[in-house]
Every structure is written in structure tokens, then in C-alpha cells.
Amino acid sequence: MSRPLTAEVPLELGARLVSLLNVLLLEDDPLDAELIQERLEREGLSVMLTRVDSDGAFTEALAEDHHQLILADYHIPGFHGLKALELARRTRPQLPFIFVSGALGEERAIELLKRGATDYVLKDRLERLVPSVQRALREARESAERQQAEQRLRESEERYRLVERATRDALWDWDIRTGRITRNNGLWELFGYSTEEVGANGDWWRATVHPEDLERVRSSLQAALDSPGEERWEDEYRLRRKDGTHATVSDRGIIVRDEQGRPLRVVGAIQDVTAHRAAEAEALHRAEFAQQLIGMVSHDLRNPLGAISLSATGLVQHANLDERHAFYARLILTSAERATRLVRDLLDFTRARLGGGIPLHRRNVDLHALVRQVLQEVGLNHPGRELREHCQDAGRGLWDADRLAQVLGNLVSNALQYSPKDGPVSVTVVGEVDAVSIHVHNIGEPIPTGLLGRLFQPLQRGEDASDNSRRSIGLGLYIVDQIVRAHGGTVSVRSSTQEGTTFQLRLPRIPS
């Protein structure tokens, strides 16, 4: 049989306050159980006792897995105390097990302790019970914490071994207090140095770091160590391989500190990034060469294209051409103008990407007059389309008129191309004190959300213009953005089904 007995007084074990202690009591005498209960209460323990008096009841109670302590009489009719101890140690080895019994004899008591009992208390010496319980629980808690720490250590060591097997990096662990540095075999695989050659101190590292990099790297590491809040350090430098060549390495470390912020240990990894840096340099060289080539070709193509345009214009203006030859002349002229625009865009793109920026030739410009001129020119190529102009307040400033005409022409042409044929396109100029705002608006399908953030990036294109659901985003809008930036201004876009699409430019009147 089993019976829970409770007491309501808090139990304090050292600095730890436990509200209730679940105790499994193996005792066949109810009177002895009450004496044990009374002793626990008198010493200020808050416990719940579950009393059992048979093999089956004890086994069943052990399976419940909520007890924190076992108190057991050694002499139970039909159930030997040693058997109870063996059963508890087999099923619940973490539970403290204290015998509370009559006379045991010294030899038997020693044997029980050897078999795994935590302690024993004689029933005529119950004043030892609570101190024994407190000590047993404290030792059990310390043992559990120690086992958890050991388990975490084993798991950490296993993770480290797996990382060593998975990575080709050279791992290192520097104990700052002793100066000892532990390294894995990565130095051999990456740079050709054996563990014996490297040693356990920093001499090898100081001797193999490139002399031009050594002082800088040492200073950066020392600065990280001297900053109490710094937990990471990383640097890139050249390291001499065993064959005498130098590798470019990326070195990263985690700094372990004590409670006062003093560095105790640094654990890091050295990665060979030589090939990666070489690939980056080669890619940069190729990109620069490609941009320079585009720039040169674009520049050299302008002269023959200019001659073609001039000749085609002369032919178009010739009064004696028949209709067929006049058509061919106009086709040559429009194609040459289109090629000229493409070459101009390529040249502007190259200048911007090479860091020179878009060149400007500023002069006093009447933006209102410029807008009217651009709309007239664009309108000639889009007969029947409605172009609206709204100009408010002063529109003068120091700008590059040709570049702003290029910007306006691009935006208005895009608005016409990506809007319904019966939909108007409006350009609004609003003068402010120190700047002028320009709004180019059209109705129609909005720009997809996924494209809005990429509109001004170079060398991208949307769907075909006839779709009207996507906008072309080649070089044109990138150059628009670069020209506006060169003027010290900004360009943005908003687009929705209800309001249509609006590109907004803001240009300071005078360069800062």
C-alpha cells in the first residue's frame, strides 16, 4: 500500500529554495513513517511522502518518475532492503537513496554504501535524518550539474572533431594565460607545415606572416583584445607557405573573456583565400577592360553615325527624290538617330561605371521652355498622342540643358510607350525656393512590385513593351538616375492601379 503524507513548511537546501520535495518512503510500520514525517516537519522541510511497503508497490512508485529522494527501511517483510537498493539503482540511478532502519551493523552498512546507498540513518538517531537528506540532495544536484557539463563537453568535443573533418581551414586555440596555442592539421593541408614545425607558441606565426603585414595584424589583434566589449577579431594578410610562396589568408577569431572582460582565450580559423582574391581581381580587370572597350567603341562610332545622319538628312530634304527613295532616306535617318542614342547611352554608362560620372556643362536654363521643347520633339514621333504641360512658379536654375532634355525625353517616351494609346502623359514642373520638382505621369498598368526596386539598375530589361505590364529597364533609367545624381538631385517612382505611374525628379537650382 502507499499513502502520501504532506507538510507545508518550505525546504531550503543551501542557497536553493525548494517549495516541495517528493519523497518515496519504503516502510511497513505506519508509526515509524509518522515519526519520520514529524522529524522532517520539525526541521523545516516541505515534503510529500509516498509510503509503500511491498516489492510491487515500490516498483510501481519508481516508474512514476517524479520522486527526488528515496528513504527505505532495510527490514521489510518479503522484500529485502538490498533488493530495493539494487532495483532503484537499476531504474533510477540518479535518485539519492538513504536507509532509515534499525540496527544494521558496521559491515552491512559499509556494504550498502558500496552497493550505491547514499547514506544510512538509524531510527534511534533520527536527528541525523534532515542533515543527511540535505547533503544527499546537494550532492545529487552537484552530480547532475557535473554530468550535464560533461555531456556538453563531450558534445562540444564531438562537434569540434566533426568541424575539423568538414573544414579545410587551419583551426587554432590560443590560451592567453599560458601562451599555449593548439592547432589542427589544417596548416599542413593548406601551407605544408607539420605540427612539430609549428610548435605550441606564437613564434612560427610571427615568422611566417609577411613582414609588411605583421605589425598591422598584431596591432589589430591587440586592439580587439584590449576592448572589453569586443568578442570577434578578423583580418586578412599574407602568410608564407612551406615552399616559400605567399598565400592570402583570412583569419577570424572568437575572444573568450572573464567576468571582468579580460581576455582568456581566442579560438580562430585561418582560411586560404588566395584563389578567391585572384578571381575577384581578374573579374574586376575584365569588367574594367570591357567598360573601357565599350567606351572606346561608343566614342569612335559617333563620327560615322554623325556622317550617316547628316547625309540622310540631306537626302530627305532633297526635293527631287521619288517616294520610294524618300522612304529609304527617312529609314536611314531614323535608324542612324536610334543608333546614335544607343551609342550615347553606352558611352554614358561606361563613364558612370568607371567612376568618372556623367559630365555636365551647366548654364542658366529655363526649365519651363525646355519642357515645352522636349514635348514638341517627342510629340513629332508620336502623332495623335496627348502630351500635357503644367508649369508653376520659377523654373530657372544652373543645369545642363542637353542632359535634362535627355532625361525628360527618356521618361516621356517611356510613359508613352507603356500607357494606353488614348491615355494622356503629363509633365508638371513645380518651383520651390532652392529646387525644382518635375513629375512625369501616365495612366495604365502599374509597374510590378518586384521591379520597382530595380528600375534604376543597369543592364536589365523587362518584358516586351507591347505587353504594357512591364517596363523596359535597360540603360535608359540607369542613365536618368546618373544624370540627376550628377546635378545633386534625386529621382523616385511610385506606381499603382488607381493613380498610374509617376516619376518624380528633384533638382537643386544651384549646385552645392
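This is a predicted model: local features need pLDDT of at least 70, side-chain atom pairs count only at pLDDT 80 or more; totals for chains, interfaces and linings use all residues.
Helix H12 covers residues 367–381, and helix H13 covers residues 401–417. They pack at about 45°, with the axes 10 Å apart. The crossing is right-handed. Which residues make the contact? From H12, they are Leu-367, Leu-370, Val-371, Val-374, Leu-375 and Val-378. From H13, they are Ala-401, Leu-404, Ala-405, Leu-408, Gly-409, Val-412, Ser-413 and Leu-416. By class, that gives 12 nonpolar residues, two polar and no charged ones.

Stay with H13. It also packs on helix H15, residues 476–486. Here the angle is about 140°, and the axes are again 10 Å apart. H13 passes H15 in a left-handed crossing. H13 brings Arg-403, Gln-406, Val-407, Asn-410, Leu-411 and Asn-414 to this contact. H15 brings Gly-476, Leu-477, Ile-479, Val-480 and Ile-483. How does this contact divide by class? Six residues are nonpolar, four are polar and one is charged.

Next, a pair from earlier in the chain. Helix H2 is residues 55–63, and helix H3 is residues 81–91. Their axes come within 11 Å and cross at roughly 20°. H2 and H3 are therefore roughly parallel to each other, as the angle is under 35 degrees. H2 passes H3 in a right-handed crossing. On the H2 side, the contact uses Asp-55, Phe-58, Thr-59 and Leu-62. On the H3 side, Lys-83, Ala-84, Leu-87, Ala-88 and Thr-91 meet them. The classes are five nonpolar, two polar and two charged.

Where does the lining come from? Four elements each supply at least two residues: strand S11 (170–175), strand S12 (181–183), helix H8 (203–208) and helix H9 (211–225). H9 gives the most, with four residues. By class, the lining has eight nonpolar, four polar and four charged residues.

To recap. H13 on H15 is left-handed, with one charged residue in the contact. H2 on H3 is right-handed, with two charged residues. For the second largest pocket, H9 is the leading contributor to the lining.

Key:
Residues are numbered from 1 along each chain as its sequence is written. Side-chain values use heavy atoms; hydrogens and water are left out. Ala, Val, Leu, Ile, Met, Phe, Trp, Tyr, Cys and Pro count as nonpolar, Asp, Glu, Lys and Arg as charged, and the others, Gly among them, as polar. Axes are lines fitted to C-alpha atoms, for helices over the stretch in contact, and angles run from 0 to 180 degrees between N-to-C directions. A crossing is left-handed if the near helix is turned anticlockwise from the far one by less than a right angle, and right-handed if clockwise. Contact means heavy atoms within 4.5 Å. Angles under 35 degrees count as roughly parallel, over 145 as roughly antiparallel, 65 to 115 as roughly perpendicular and the rest as oblique.
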